[in-house]
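Student: I would like to learn how to read side-chain features in a model. Please give the general idea each time, and then the case here.

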Amino acid sequence: MLKNNIEIQNDALIKSKLTQHSNQVSQEVKDRIQKFEYGLQGLRGAINTTGFEHFNYQQNLAYFQSRDYPREFPGARGFGVISVTPKAQLNAFLQKASQDRQQAFTLKQLNTSQDPLFIVKYIEPEQPNIESLGLDIGSEPNRRRAALSSAVANSALLTAPITLVQADNKINHGFLLLLPIYDAPNKSNVMPAELLGWVYAPLLINDILKTITEQQNNLNLTISDISPTENVPFFTSTTYNSKNDQLVLEKSHTVENIIEVYGRQWAVQLTPEKQWLATLNLPNPQQVFGITLSSTVFLIIVLHMFLRYITRRMDSVRQKISLSSFIENSSECLIGVDSAFTILNWNQSAETIFNLQKFVSEKKPIINYLSDGISTDVLIAYFKKVARGKRINKIEFSHQVHGHADTRSLVLTITPLLKNNLFLGASFTINDVSEFKALQTQLQQHNTELKTKVDENTIEIEQANLFQQNILNSSQVVIIATDATGVITFFSSGAEQQLRYNADEILGKNLTSFMSGVAQANSDLPSNTEITNHTPPIDGKDNNLFNYVEQQLQQQQHLSFTCRLKQKYGDYKQVNLHVSAMKRRRLGTTGFVFFAEDLTEKNALRKQLNLISAAVEHSHSILLWLTLDGIIVRSNPYANKELGYSTNEMLCQHIDNLLTPNIEQTWEDTKLKLLNSQHQGMAYQFITAQKDILRVQLSAELLSSDNTEYIFIEAKQVNGQSQISDKQMNSFTAIANSPKLANPTNVSATTEAQSESSITPIHQLAPSEPVIPEVPVTSKSALTPQTSAAPDDATTIKDNALDSFCHQHHIDFAKALTRLSDNKTIYAKALALFINDLIEYTATEALTVKGDPELKIMFHTLKSSAATLGFNALAQFVSQQESMIKTGEQFNKKEMINEFVQQANVALPIAKDLLQLLQNKLPQKAPIQPINSAPQVTDEYLATFEILREELQLFNMNASTTLLKVAPTLNAIAPDKYLALESEMKVLNYQQAEVILNELYPILIERMDN
C-alpha cells in the first residue's frame, strides 16, 4: 500500500510538472500568435487613415519600411492586403493594380473561382512572398471560409492548417491570420457597412514555435487543429537529441491542453522523455518502503521502554505530589485538618490571611479562625456533612486580615479525605476574591456608564438619521443611491412621487433596467471638444454605464448626463442625472448618488420658445422692438426686407427715422397714442430705405424683460408702396431737421388728450395720397395686401366651412393662424400634437398617480398649446387648475382630474374634426418623382442639405420646405432612412430628425462626384 502511494505521488508530481509546462507552452503559443494581430491592427489603421480606395502600393511600402517587422513580429512571413473584387470588376481591378505598381499584376488561383474574388493586392516583404501576390484566396475553401467568418465576426480569425504557396514544402504547416476592413464602423443602422477586404499575415508554425521548442528540453511538443471535427497535426518537435539518437518517450504521461486561438481549437500535447523524468529525482517506492518499515519497528521498541519507565516514576511521585500540593499552590489558602477538624498544616497564603504560627496554631480547632466570618452553628453543620463524605462548595464570607484595616472577601471549599470509606480529615481551600469583587463592581459601574453613553449616542444617531431621512423625504427631488454595480439601495420619497414606484418595489433592482436613451450632457465636454460621433458614448446596459461613470468620476467630482427614467405605468420621464460617488478611505468607491432634474417642463418651454421664434422669423408683419426712447433694438426679417435695411442697419435707429416726419407730433406723443389705442390698429406711413412710402396699421404693446421695459410694435401693410416725390422728400427732410425733433428722447411726455390733439393728419404730410382710415384688422386680406386674385369657388366653400366650424365651437382660428404666420400646414402639425397630448392626458389611471408638480407641468403645457391653437375655453380652464396648484390652495385632486378629463373629452373630438377640415383644405403632397438615372450628389445639393441641418438645429419651420428639395435623391439612395426622417419631421421631432441627417451625411459624401 505504501508502495502504491509513492507511485501515485510520483504520477501526481509528474502530471503537475507537465501541466505547468503545458500551460506555459499554450500561453506562449497564444502570445506569439496575438502579436501578429497587433501588426494587422496597425496596418488596418494606416489604411483607414487614408481610405481603402486611396491606399496605394507606395503607401503600403512606406508603412512597411517604417516598421521593424523582424524585431516586432519574429516568425511572421509578411503582412499584406486582400481586396474584395466582384467578377464583373476583375479586369478593372487588374488594370488598376498594374498601374498602381507600374508592372504587370497577374491573377493566381488555387481552384475554381467564386464570386466575389478575394485577391492579395499587396504583401511585404514582396520577394519572399511573390508566389502569393495576386492570389485569389477565395478560390480555396479553407481560406475562403476563414475570410468570410472573419468578416461576419468583424475580428481577427485563423484559417485551418494550410500549405502556403510561398512554402509549399511545408504541408499543412501554414496559416493565414485575417482581419476585416469595413468602409465605416458598425452601427445599428438599416444599411450595413460594406466589406472592403482584409489585412492578413501568412504564418509558418515552425518559424513561430522554433524558440519555444528549444526551451523545452527532453519534452516532445505536438500541436493539432481539432476544429470543427478534423484532427490535423501540424507541428511536432524533434524526437532526436543532439547526438542524433532517437529519444524514448513516456507516452503514458502525455498531457493535453485545449486552447482557443482566433477561432480555431488547438490541442497542445506534451510528452516527457526518460531523461526528463530522471531530472525530477523521484523517490524509489521499494527503497522508501524498506526504510519506513525499519524505522517503524525501531520506534515501537523505544516507545515501549520509555512508557514503562514513565509509569514507574509516576507511581513513586504521586504521593509526594498529593502531600506537597498545599505548599506548591501559592495562589490559594490551603489548610489541612484531621478528623477532629484541628489544624495539621497550611501554606504561606493561609499563614498571611489567618496569622497562623507554627507550634501555636497546630492542633488548634479551625473553627476558631473561621467563626468571625461564619457563625459557629453553621460551621458545625458543615463539618458534620464533610465527616459524612460530602463536599462543601463556595461558602462566601468576609474576614479581616490581621494587621489590616480592610475586610477581605473569601470563598471556602471543604473537601473530605477518605480512605476505604473512613474519614481521615479534610482540606480547606480558601480563595481571596476581593480583587475580583472590586473588578466586578468596577465593571458593573463601567457597564452602566457605557450603557448610558451608548444609549445617548444611539439616540443622537437615531435623531441624526431621522433628521436626514426627514430632509430626504420632505424633498421633492428625485434622489437614488446605488452600490458600485448599480443596485439601488435608497429611493427617496421625491423619487416615489415622480416615478410612481414604492421604495419596496425598487430597492435591490439595478438602476439601468429603468433607464433608456442615455446620452452624455454637452456641459460635461471641454469647450474645445469637437463632437464628431453622434452616437451616445454610453449605452446604459448592465455595468457598462457604471464602469463609464466610475471612470469619469475619477477625473472629476461630478458627472451629468441625460436619459429617460421609466415610470411605473410604462411611460418615460426625460431627466438630467447628476452623479456623485460615495467613497470610503480604504474601500474606494462603494456606490453612487443620482440627483434627477426633470426636463419635462424645460423641454416644453424650449419647444414653445422655438415655435414662437419660428413664428416671429416667418411672420409677414413688420415687427419692431423699441426702448421707451424709441431706439430699435430688434426687428424681424420681414421688417428688414420691407423697409430695405439690413439687420445691423436697423439696430440703434430711432423710430422717427422710419415714420413720416411730423413737426407737430413727437415720438412721445406717438408712443402714448399707440399704447392707449387698446390694441386697435392706427394708420401710419413708413419711409423705406429706397424712399418709398409704406402704408401700415400700427399697434403697440408694453413689454418687460429683466426689469427693463420695451415697446413692441406690429405693423401690417394695408396697401402697396408708392414712390415719394422729391418735393415731399424735401419737406420731410426739413421737418426731420427741425429743432423740435433734433433730440426726440428729451421731449417730455404729454397727457392722452394733448397727444390726440397734437397729431397732424396724414393727408397734410402727403396730400397726393389717400388717407388710410384707422380700422381694426379683422381678416387675412388686411394682413396681406399683395393678394390680388379672388379665390375660386371650391376654396371659398372650404374657407366658409372652416370659419363656420371654428365660430360654432368658439375656436379663435384667425388669431391662432396669425401667430403662426398664416401657415396652415404648421397649424395642422401643431394640432396633431395637441390631439396626441389630449389622448394621453385623458387616461384617468395615469393622472391619478401623478404628483402635484407633474400635474402643474401638464396644465402649463396644455395651457400654452390650447392658447396657441385658439382653444381659449380649454386654455382658461387649465390655467385656473394650474393656478390652484401653484398658489397652494386646498383642492380635491380627484374632482380636479374628473373635471379636467370632461373638458379634454369635449375638446378632443372638436380638435379631430378641425384637423380633418384642415387636411381636406391643405394641398396634397406631390409624390416624389423617381430618378431614372443613378442619383448624383453635387456641391449645390450638399449646400441645400447643410441648410436643412441648420434649420433643424434652430427648429426652423422652413425645414419642411427644404426637405422637398432634397427628398428625391435621399429617397433613391436610402429610402428607409428617408421615410424615418419624414416621419420624425411630421411630428416636429426635429432633434431625432437631425440624428438621422447626421447618419445620411457619410452616405451622401460617398455618392458625391469626384
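Student: Are Tyr57 and Tyr122 buried or exposed?

Tutor: Buried means under 20% relative accessible area, exposed over 50%, and partly exposed in between, with a 1.4 Å probe and protein chains only. Tyr57 and Tyr122 are both buried. This is a predicted model, in which local features need pLDDT of at least 70, side-chain atom pairs count only at pLDDT 80 or more, and totals for chains, interfaces and linings use all residues. Residues are numbered from 1 along each chain as its sequence is written, and side-chain values use heavy atoms, with hydrogens and water left out.

Student: How many aromatic pairs does the structure hold?

Tutor: A pair of aromatic rings is described by the distance of the centres and the angle of the planes. Rings of Phe, Tyr and Trp (its six-membered ring) pair if their centres lie within 6.5 Å; planes under 30 degrees apart count as stacked, over 60 as edge-to-face and the rest as tilted. The structure holds 17 such pairs. In one of them, the ring centres of Tyr57 and Tyr122 are 6.3 Å apart and the planes are at 45°, so this pair is tilted.

Student: Which parts does the pair of Tyr57 and Tyr122 tie together?

Tutor: Helices (H or I, at least four residues) and strands (E, at least two) are DSSP runs, numbered from the N terminus. Tyr57 belongs to helix α2 (residues 57-65) and Tyr122 to strand β3 (residues 117-124), so the pair joins parts 65 residues apart in sequence. Phe546 and Phe592 also form a tilted aromatic pair, with 5.8 Å centre to centre and 45° between the planes. Because Phe546 lies in helix α16 (residues 544-553) and Phe592 in strand β22 (residues 588-598), that pair ties together parts 46 residues apart in sequence. Phe546 and Phe592 are both buried.

Student: Which residues do ring pairs link into a cluster?

Tutor: The cluster consists of Phe341, Phe383, Phe423 and Phe428.

Student: Where does the charged end of Arg634 sit?

Tutor: A charge sits over a ring if NZ of Lys or CZ of Arg is within 6 Å of the ring centre and within 35 degrees of the ring normal. The charged end of Arg634 is over the ring of Trp625, 5.2 Å from its centre. Likewise, Arg949 has its charged end over the ring of Tyr1001, 4.7 Å from the ring centre.

Student: What does Thr962 contact, leaving aside neighbours within four places in sequence?

Tutor: Contact means heavy atoms within 4.5 Å. With those neighbours left aside, Thr962 is in contact with Thr944, Ile947, Leu948 and Glu951. Thr962 lies in helix α34 (residues 959-973).
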